[in-house]
Structure formats: C-alpha cells, structure tokens
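Please open the structure in the viewer and keep the sequence at hand.

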Amino acid sequence: MLGRLYVVMPVTFSIKNSNSKWRAYMDPEDLNHQHPSIFISSPASASIGHYSFQLYVFTQDSQKRCPLGRFILLCNPWCCEDTVYIPFEEQREEYIQNDSGLLFMGTAQNPVSRPWSFDQYEAGVLESCLSLLQVSPLHQNNKRTDYLNRNNPVYISRVVSAMINCEDDRGVLKGNWSGNYKQGVHPSMWTGSGDILRQWAQAGYSPVEYGQCWVFAAVMCTVMRVLGIPCRVVTNFNSAHDTNKNLVIEEYYSEKGEKLNHSRDSIWNFHVWVECWMARHDLGSEMHGWQVLDPTPQERSEGVFCCGPAPVKAIKDRRTDLFYDIPFVYAEVNADVNTIIVSQGRVVSNSIDTERVGRLVCTKAIGCPRLQNITGDYKLIKSANLTSSSSSTISEISTLKKGSSKGMLILLNLDKAPVSGEPIDFTVKVINKQSAAKVMRVYVNAQTKEYHNSPSDTIWETQGIMQLEPMEVKVLSLQILPAQYMGVTGDDLINLAAVLEDMDSQECILASEEFNIASPDLLIQTADENSIVIYKEQTAKVTFTNTFSEPVSGILTVIGAGLIQGKVVFRMSPLRPGGRVEQCITFVPRKLGTKMLQASLILTNINSTVRGFKMVSVNRA
C-alpha cells in the first residue's frame, strides 16, 4: 500500500521476476514453515515512496490479516526498464552512490573547487527526502494523484526543484543575497547537505536560513540521488539573467572605466544548477539523457518557483517549443553582451560580445576530483580556449569586427591567477593601428563585486596620457597591492576595466576582466593512506600556512561522511603572516570505498574561509 493505493498479489512459489507487474513469492528450495520468507518484486513503473505490507492468509473457514511492516521503494538506475536507467556502472557510482563531490565557483579563467558532502547515507537524510515529497503542495492538495505521478521522474524532479526553495511552500532553504546573514548561517559556511536536511525536518519543515545557488543545487543533488535518480551539480560561468527575454544583456561603463548599475539584466560570474538523467517519453527518445533542473528561485514555471527539467540536447538545438523552461536556460548560456560606454549622458561607444555568456559549463569528472568541461553539450563552441588564464572581455577579433575608424586596440591581461596576500600584476597593451600619430588617454579602474551583483566601490584606479607613433605598441605594467584589495574577501571578485580614449575624436574602447582572488588551501595528510581499513582508528593532519598580509585566527572544522561521526571542531590562535599551524585528528571509518575528508577554517578577523579536502580509500580489514 502507498497511501490509499494498493495492489493485491497472490504469493506463489515461482521465483521468475517480472519488471511489468507486482509479484510476491516464496523460494521453494529454501522454505522455512516456521519463519517463511516472502520476496516482493515491483514493476519498473512503480511509484516511489514509503509502502506498507500486509499478509492475508485464507483457509476454508476463515481469513487472517497480518501487518508485516513497511518498505521504501526508490527509482532504480540499474534496471534497464526504469526511466532513470543509466547504462555504465562508473556513471552509477558517481551520480548515485558517491556521497561527496566538488562544486565549482570563481570565474571561467580561474575556477575554484569547493568540497561538498552529499551525505545520502547519513542518519535522517533518507527520511527527510521522503518527507519532502509528503510536505509538497502537490501531495497535500491531491494525495492520490501525487502518488500515481511518482513513477515519473519528470514529475518528481519538478516537485523537488520547487521544494528545495521555500518561495511557494514549506521548502528546505530560504535564499538570501543581501549580505546580512545574522538570522541564520552564511551560505558559504555550509559544507554538506545532511545538516540542512536534518535541520529542516527537525524544525517541523520550516526553511533553513540561508542558501544561495550552489547550496540549493547541492541539496537537490542529494535528494535526487537518495530517490535513485542520477544527478550531478553543474556550474555555468558568466550566467545571464535576461529579464526582457531579448537574448541581449546590456552593461554600462563610464568613460573612466567604472561599471555602472544601469540595467535590470544581469550576468552572474557563476550560477549553479543540477542535471538529472532520465528518459523523456513526453518529448521523444532524442531528448533522453541529461536534464537541467534549477532549484534557485529566479523565475516562475507554471506559477511555481522551479525550473526544468529542460533537456540539455534541446538547449543546444534551441528547441524552445519543448518542456520545460528551455528559453530561460538557453538565455543563461547564450545571451549576447552589449557593452555601452557613456559620458555626460551620451553613448560614446557600443560593442557586442557573443562569447562571454556561458563561457564555461562544467561539472565534476567521473571518478576523480577534477573539472570536466561540458560546454559543448550546451552550445556550439566558438572559442578554442575556454579556460585560458587571462582574457579580455572584448577580444581583438570582436574589436576588428566593430571596424574602429581610428584603428585603436586595447588588451587587458592578468600575468597570473591572483592569490590572496600577493600583488595583482597585470598589463594594459595599447596599439595604434593607423599610420598617423595619436594622443591617447588611458583610464584603469578596479571595483569590488559579488558574483551575483554589479560592482560597487572602486578600490583602485589610475589614468594617464599616452603618445603613440604610427603603428606603435605600448605596454603598461600595473600592480594592485594586497593592502588595496584587502576588503575583497570570501566569494567576492574584482571587476578590472581599462578605457582607451582618442583625445582628438573622443572615441572610446574598453577591455575588462572580472576575476576572483584564490585563498590558500588547507593541506590534509593521512598517516598511512595505503592501509586505511574500516572500523580501525586512523590519524590525519591538517596544515594551514598564513599567506595573508596580516595575522589571522579562526575556527577549524573537519567532517567526513562515512569517516567521522558529526564534526570535529578546533579553535586556532592568532597566526602571524607566513606562519604555519598543524592540527592532528583521529577518525574511525564506518563505510567502505572512496570517501572525502574535508576541512574548513573560518577566519574570524578577515571574513574569509580556507578549505581543503583529501580523498580517502577505505578497505576491508
């Protein structure tokens, strides 16, 4: 029985299974009359949920009913007749069984991996995921219809996408992008899904505060894997939010290189969603496979804050006529960027970049802790190098396409990926492509920004006059010191822009770069990683070196699903710049296989978190 739905099965002695109907049988070769075992097999199309099981015994004179208990039925990606069947074992190991992973943030030029514990085998997580289905408005409004639809992963995934956020229901997470997190937990402080799901259930299904896109996506990944639906977390770098649906994002700059907040459209430096693997019988076999689902509340879909499932193949082919939400996701990876320079209320420059949005779409690779580039699944790749260490927003090709009448060119390049505590070195190359001498004014401006917002304060700027002979090239080598970007912490970024103005014609051109500043990593070492066995105490050492330009102190937390019960917390005393500290921990592995030991050090005086992880292989004794 599932709710008030039920099926009656005669108990037979035939052990032949069927994937098309419910069956109950006893094994005649292993029959114990005092304690009989009854085996149940379900059809591949059965609804998922919490079933009760009753045995009816009939005699000539009477009948007896005996409740035998309850069982949980999930989707089965190992069954070729199930709509979530995924063909390769390594895929099932990664997208169903793996209880840890990496989330990618930062920028396309400098992606930063963040460890995450999906926790699907931890206490209380399965129960919370099943409760999510029960608490959903679709179940509360019509239980029978909801139960009947739970055999369809398209339906299930839309329910889960809506229930991860709390905009329309008693969902799991409340989003917050305000910068004020005093009433809850800063989104960057979460390290796994288990704490969030358990807290939600224990609070009577009140939303947990707070989440942002990667937290919404990671928790949804946990729920889908728990329910048996293959799932992976995906990051789209330079993700567009096209409010007027014209596939053009407008960005405004002043003639001094300051980015202005003049547009309702926006580009997030990164946005995180999930893909789930399923058959799309409602659309046709060509749309089977990975489907985009986004639980971050951005736009309503059929009146509810959810998104998807949108077939990745349909996004690439621009099949905006298909279900669900393909136009919205298509714009996130394909919109053009119209960069406008304004001076004294008038437009002095206008240029289009067709490659910036959706510059890199990636996920964790199967079986190893590295990035897998899946951009080509979403769009035709125009640029050969999607992950170069430096790039100008307006490339030389797109500048030439504009046909600058004066023949100017400006290129902005970082010397290397910026690291916290070190100067940011970069060059501005100015080229006079004409046969006449020119006098140029160069403005360079650096602003802080959050990944989901327009830049705010200017932290560094310079300007100067430059004379160029015909066809001359000049290179400016510039530097931003650590003390000048000290306020850029956590997940914040820097928007760096250079504007070149022809003093005669007042024509302006722009090159810009948005980049993150990498924090130092925590180093985790195990005593003897080749001899880690289940249920035997092991030792690990966490090492932190202070690369910041000032003393730091903080709280070190170490977790590991299947390795550590709960979490281990230590307080770190103030550590001078360049200083190193080590902390030893012990743990007893409880599960076999490859597990993640992760550590996070919350620095209390500079509002930053340092992270590290170590993959540990747990073997039998």
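Select helix H5, residues 153–164; helices here are DSSP runs of H or I with at least four residues, strands are runs of E with at least two, and both are numbered from the N terminus. In H5, 12 of the 12 residues are buried, so the helix is largely enclosed by the rest of the structure. Buried means under 20% relative accessible area, exposed over 50%, and partly exposed in between (1.4 Å probe, protein chains only). The model is predicted: local features need pLDDT of at least 70 and side-chain atom pairs pLDDT 80 or more, whereas totals for chains, interfaces and linings use all residues. Residues are numbered from 1 along each chain as its sequence is written, and side-chain values use heavy atoms, without hydrogens and water.

Next, select Asn152, which caps the N-terminal end of H5. One of its side-chain oxygens lies 3.0 Å from the backbone nitrogen of Val154.

Return to H5 and select Arg158, one of its buried residues. Arg158 lies over the face of Tyr324, 4.1 Å from the ring centre; this requires CZ of Arg or NZ of Lys within 6 Å of the centre and within 35 degrees of the ring normal.

Finally, select Trp268 and Tyr451, both buried. Their ring centres are 5.6 Å apart and their planes at 85°, so the pair is edge-to-face. Rings of Phe, Tyr and Trp (its six-membered ring) pair if their centres lie within 6.5 Å; planes under 30 degrees apart are stacked, over 60 edge-to-face and the rest tilted.

Terms used:
The expected span of a helix is 1.5 Å times one less than its number of residues. A polar contact is a pair of N or O atoms within 3.5 Å; within protein, one must be able to donate a hydrogen and the other to accept it, and residues adjacent in sequence count only if both atoms are side-chain atoms.
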